[in-house]
Amino acid sequence: AIDQLARLLNISKHSVGEHELALPVDSEVHVSERDGRYYVIDLARLMPPEAPGPRWLSELLRPELVRSMARHGGALNSDTAARFRYVRPYTADDVALVAAARRRLLHVVVPRLVRRLQRRTAR
């Protein structure tokens, strides 16, 4: 189910220690003693950060942009630019893909929206 969600959202698997995750490294998966089902929590950082830097926890890319990158570069890593003391779960390629997504946002998506809004207000 997590792999299906990752494919749908265009989130890549990445190595964290001995494991391959398609979730942020600080997310949690619990099995309920009551119903035996799995529950995933702490997904606030499911979307990759807009750019590496001090706001990597709060300035996240929108899901629509992340999904669109499947056609324009590839799957993005939720943990790109994560600053955890003992884990560095991203690569230079991950940073490059996030940078490409940000460029696409600033140079393609936003200008297209502006043109659309201008046409609408010109009527």
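1. Ser27 touches Ile41, Asp42 and Leu43, when residues up to four places away in sequence are not counted. In this predicted model, Ser27 sits in the loop that lies between strand E2 (19-21) and strand E3 (28-31).

2. Is Ser27 buried or exposed? Its relative accessible area is 16%, and buried means under 20%; Ser27 is therefore buried. The side chain of Ser27 also reaches the backbone oxygen of Pro24, at 2.7 Å.

3. A distance in space may be set beside a separation in sequence. Ser27 and Val16 are 11 residues apart in sequence, and their C-alpha atoms are 12 Å apart in space.

4. The largest nonpolar core has 15 residues. Those with the most contacts inside this core are Ile11, Met47, Leu61, Val66, Leu76 and Ala101. Two or more residues are given to the core by each of helix H1 (2-9), helix H2 (63-68) and helix H3 (92-122). Which helix provides the largest share of this core? The largest share, three residues, comes from H3. As general background, nonpolar side chains tend to be buried together in soluble globular proteins.

5. Met47 deserves a separate point. With residues up to four places away in sequence left out, Met47 touches Leu9, Ile11, Leu60, Leu61, Arg62, Pro63, Val66 and Ser78. Ile11, Leu61 and Val66 are also listed with Met47 among the residues with the most contacts inside the core.

6. On confidence, the mean pLDDT of the protein chain is 90, and 97% of its residues reach 70 or more. Among the elements of the chain, H2 has the highest mean pLDDT (96), whereas strand E1 (residues 14-16) has the lowest (81).

Methods:
Residues numbered from 1 in each chain as written. Predicted model: local features only at pLDDT ≥ 70, side-chain atom pairs only at ≥ 80, totals over all residues. Heavy atoms only, no water. Core = buried A, V, L, I, M, F, W, Y, C linked by side-chain atoms within 4.5 Å. Buried < 20%, exposed > 50% of the residue type's maximum accessible area, 1.4 Å probe, protein only. Helix = DSSP H or I, 4+ residues; strand = E, 2+ residues; numbered from the N terminus. Contact = heavy atoms within 4.5 Å. Polar contact = N/O pair within 3.5 Å; in protein donor to acceptor, adjacent residues only side chain to side chain. pLDDT = per-residue confidence, 0-100.
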